[in-house]
Each structure stands twice: as C-alpha cells, then as structure tokens.
Amino acid sequence: MKLIFAWKRAGLALLILLWLVEPAVRAQAPAWQMAMAVGQGGECFISGTAADANGNIYLAGRFQGTVRFGPTSLTSGGISALFVAKWNSSTAAFDWANHVVGSAISAIAVSGNNVYLAGDFNGAVITFGGITLTNTTAGTYDVFLAKLVDSGNAGNFIWAQSAGGGGDDRAGGIAVTSAGVFTTGNFTGVASFGSHNLSSIGGTDTFVAKIVDGGSSSVFAWAQRAGSVGDDYNAGVAVNGTSVYLTGGFGGTAADFGNTTLAASGGADGFVAKLVDLGSTSVFDWAQKVAGSGNDYLTGIAVNGTSVYVSGLYPNAIMLGGISLTNANGSSQNAFVGKLTDTGNFVWGQQVSGYTRLGGLAVSGNNIFLAGFFFNTTATFGSIMLINTLNPSITYDDAFVAKLTDNGNTGTFAWAQQISGSLSEEIRCLTVAGRNIYAAGFFNSMPTYFGSLSLSPASNIAAFLASLTDPTLTATTTAQGSLSFSLFPNPAHTSATVQLPAGPGGATAALTLLDALGRAVRTQQAALGARAELDLRGLAPGLYAVRVSSAGGSGTQCFVVE
C-alpha cells in the first residue's frame, strides 16, 4: 500500500509541476545562455554540427587563412580547407581541432567517439591524415566520406572513402546508426560507390548510399539513385532503424523513386521519400511530393519514432499532401515545417510568415526546432512576432530559432528567439543536446546581440556558436524515448541494473538519474551492449527515472526507490 501511495504522490507532483511550469515557459522564449566567436583569425564558415551522448558539440565547416579553436591553430595554406573541432560542454573549451586542405564539408554525424564527415573535393588528390584519395577526374567534384576517432584530446582520421565519376558529384547529408553510415548527395553521369555503379537519367540525380564501418576500414553496402531528367538536389537524410528518409527537390517533369513516380506541378518541386535498408541492398517504400505553382524547396529532415518532419521554402502557395499553405506576403519567400507519418501521409503544416531562409531542423521528443534568418521588418511564427529593430532598411538579416510542439494532429509554435545586429546574422546549423539547443552560423555586425550577450567579429565575417536552454525538454522527452533498455529490480533499494542495447564497437551511452521533478541527480557513462550498475545509496525513497542517451537515440524508464 505504501508503494502505491508513493507512486501516486510522486506522479502527481510531477504532473502538477509540468502543468504549472510549461505554460509559463511557452509564453516566453528562453534567453541565450552562451555566445562565442569560433575560428577567429581568418575566414571561417560552419556548415555542420552534431552532439555526442555527453553533450559535447562537434563543429565542421571550411576556412581560409589561419584560424584558432582554443589553443589549436589551423592553416589552410592559401586555399580553402575543411575543419572539424570538438567543443567540450563541461569545460566550455575546445578539446581539439583537425583539418584537411583542398576540400569542403557538407555534413557531420557522431556515434560514441566516432565522428563521420561527408563532403567533396575537386583536386587531383586529397589526404586525410595518412590516407590519400584520388579524384576520378581532376577538376570535377568527387564525394568523400571520412571517419575520425575522438581520443579526448585529439581527433584522428581512421579511414576515408571516395565516390563519383567523370561529372560533378556533391555530398549532401549524413546519418549514422548501429547498422551503418548513410549519406546522400547529387551526381551526374555515371558514379561509382565502391562496386556499386549509378547512372543519372539526365541532368543531376540524387543518390543515397550506405557504408558499413568495420572499425579501421569501411565498405559500401549499397547505393540507390532517384530523380528526374532535370536537375535534382538532396537536402538531407534521417534514419530510424531500417527506415531511411530523404528530402530534396527535382526540376524535371517527373521524378522516379523506385516504382513510385512524382509528377511536377510547375517550377521546382520538393520530395520526401523512404527507403527500407535490407542490409546489403535497399528498396524504396514511398515518395511524397511537396509542390506549388512556383519554385518550392525542401531544406531539412528529422525523424522521431514514426513521425517524420521536413522544413522548406515556398513563394506563393504550397500543398503538403492535402494541406494547403498560402503566402500572404506575395513576392517574399515563406518557410514551413510539415509532419508526415511513416506511411508518407502529411498530418499538419505550419508556416513562418516573412522573407525567410532556413538553416537547421532538429527534433527532441515532440519538440521541433527550426532555425534560419529573415529579411523583412518582421517574421511571424503563429501568434509570435520577431521584429528586425536594428536594421530598419532591411538590407540585411536577423537570425532566429523557433520551437514547435507536435500535439499529434496539429503543430503549434511555442516560442521564437532571435539574434540581432545592424548587418547580417545567419544561423546555418542547429543541434539539440539534452535541454540545450546549439545554433551555429556567421555574423558581421559590430556588435551582434544574443539577447543580453554580445559579440564583435575580429574580421569582416566571423563564425559563432551559441546556446539556449529549454527547461521543458527533459519532461517532454521522457515520454517519447525511442531507445529500449532493461531496468531491474523495480522497486529497487541500494542499486539497480541497466541492460543497455547493442551498438557499434566502442560506442557509449550517458545514463542520467532524474528525481520526480526531472532534476538530474547522478550521471555516468557505460558501453552499449553491457550492463551498468546504478548506485542508489543515499537517495530518498520515491519515484525516479533513468534516461539513457546515445548517438542512436534516447529512452527513459521510471522506477521506485524504497
């Protein structure tokens, strides 16, 4: 009987807390907590960010000249070079930075201490540490994929792969699960992905490929093409289990995705497609069109369980399945976010009114985060309006981060926050780590305001990393976890055992013990596929939860300490 009442009291306290706190949080955007200049000394542009299970942030992009990441200086040698750097969230400092001369990077993904990069190069050769890749045809672009291992104070290249042919082949997105590394992009003509050859049907086609990471080596498992006779592009990839989701656009009259054909509606149209990974091959399951009368673009994709989210831009009106969105601004370009089911049906769509560009889409539980920048005097997110107050001529842009809440059949904007200055501020990447939302981009205003924080660039254009904290994330994510694990005994006394799911070799997970109010009590690290012991000594009796977070997902279970 005491046990039942303990559950009821703790559960009621948690529900009351969320009922009281969440509306207040939704009514006001969280403030910027941190803003820092990145890669000072030369030109630096961030094009990708990712977080590990410990909340550390990995940055990737390109630079020219000599730039600094904490105590590390990188030099490009007079030409453009890519960089990858690790920012330690515990010490608020850079642990390491590495670079490769003569290439550009498009995307980054992290699993455990493994860091994966996707990009392209057009020189005759390119070298990753001691690994040299040769271009199929020097002067045109080939795709590369590379893996680094984070050893704590250094990031060292372990393997690298190239793909392509005689035309220009460009990298797009990248995602990683325990099954492999998935990458997307565009290719022209005939392109080779290991032993798998793809041929475009005209113009530029989309590709998606899977690489199996063997630790110190890698191999392409399969590659697929899609697209039209016109120019097609890919904007991203997201993976959940064996489901692989793509988004992008096509410029021809019709585009094929396996046995599914999408007819164009006029101008460029967007697409969302799903493949099923069968191990050594794959098959398209469905494809859905996003279209209007003008040029419509899809820019980002994210997945949580069986919910798929896409972001994009449109000039006039657009159809998301049977859902119509209309641009009230006439000639300017609006942004939107849409939700689909795993069967390819749109559930809802929400628009941002204002001349907008997008730079990031991320999901945590039923929270969707959208980032970018706007040129108009105002940008409207549902009932929330941001005002470009420091640039009345609207020659330049202000950046924004906005949060939507997925209520099932509807999506509503919860808050929006901006970055302001007299010149340009743009967010190009967005990553969620626990309760923290990290935004990265560039600025050239002197100063640039992140709420009460401000930065001034050391050169004409400077990169930044900034964060804000959403206190509702822990509570909301608790009911949405997708990572399965075992927890016993329940109730527990002095200790409990967590059996973690299998993952790639060396991958770890972060275990966080939460009290009934959602506060972190203790944290520890454990290897995927192993058992971890939770020390419960000294804890007051009551309801607790264990949150397990890894690069492949997160999950939470409640239990009672007696």
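Which residues have the most contacts inside the largest nonpolar core? They are Val 38, Phe 69 and Leu 465, in a core of 24 residues. Four of these, the largest share, come from strand β6 (residues 81-88). A nonpolar core here is a set of buried Ala, Val, Leu, Ile, Met, Phe, Trp, Tyr and Cys residues joined through side-chain atoms within 4.5 Å, and buried means under 20% relative accessible area with a 1.4 Å probe, protein chains only.

A word on the model: it is predicted, so local features need pLDDT of at least 70 and side-chain atom pairs count only at pLDDT 80 or more, while totals for chains, interfaces and linings use all residues. Residues are numbered from 1 along each chain as its sequence is written, and side-chain values use heavy atoms, leaving out hydrogens and water.

Back to Leu 465: leaving aside residues up to four places away in sequence, its contacts (heavy atoms within 4.5 Å) include Met 34, Val 38, Trp 87 and Tyr 438. Ala 509, Leu 513, Leu 534 and Leu 536 are among the 22 residues of a second, separate core.

As for the fold, there are two helices and 47 strands, taken as DSSP runs (H or I, at least four residues; E, at least two). With 562 residues, a compact globule would have a radius of gyration near 24 Å, and the protein agrees at 23 Å; that radius is over C-alpha atoms, and the globule rule is 2.2 Å times the number of residues to the power 0.38.

| Feature | Value |
|---|---|
| C-alpha trace along principal axes | about 70 × 55 × 50 Å |
| Buried residues | 55% of the 562 residues |

Key. Buried means under 20% relative accessible area, exposed over 50%, partly exposed in between (1.4 Å probe, protein chains only).
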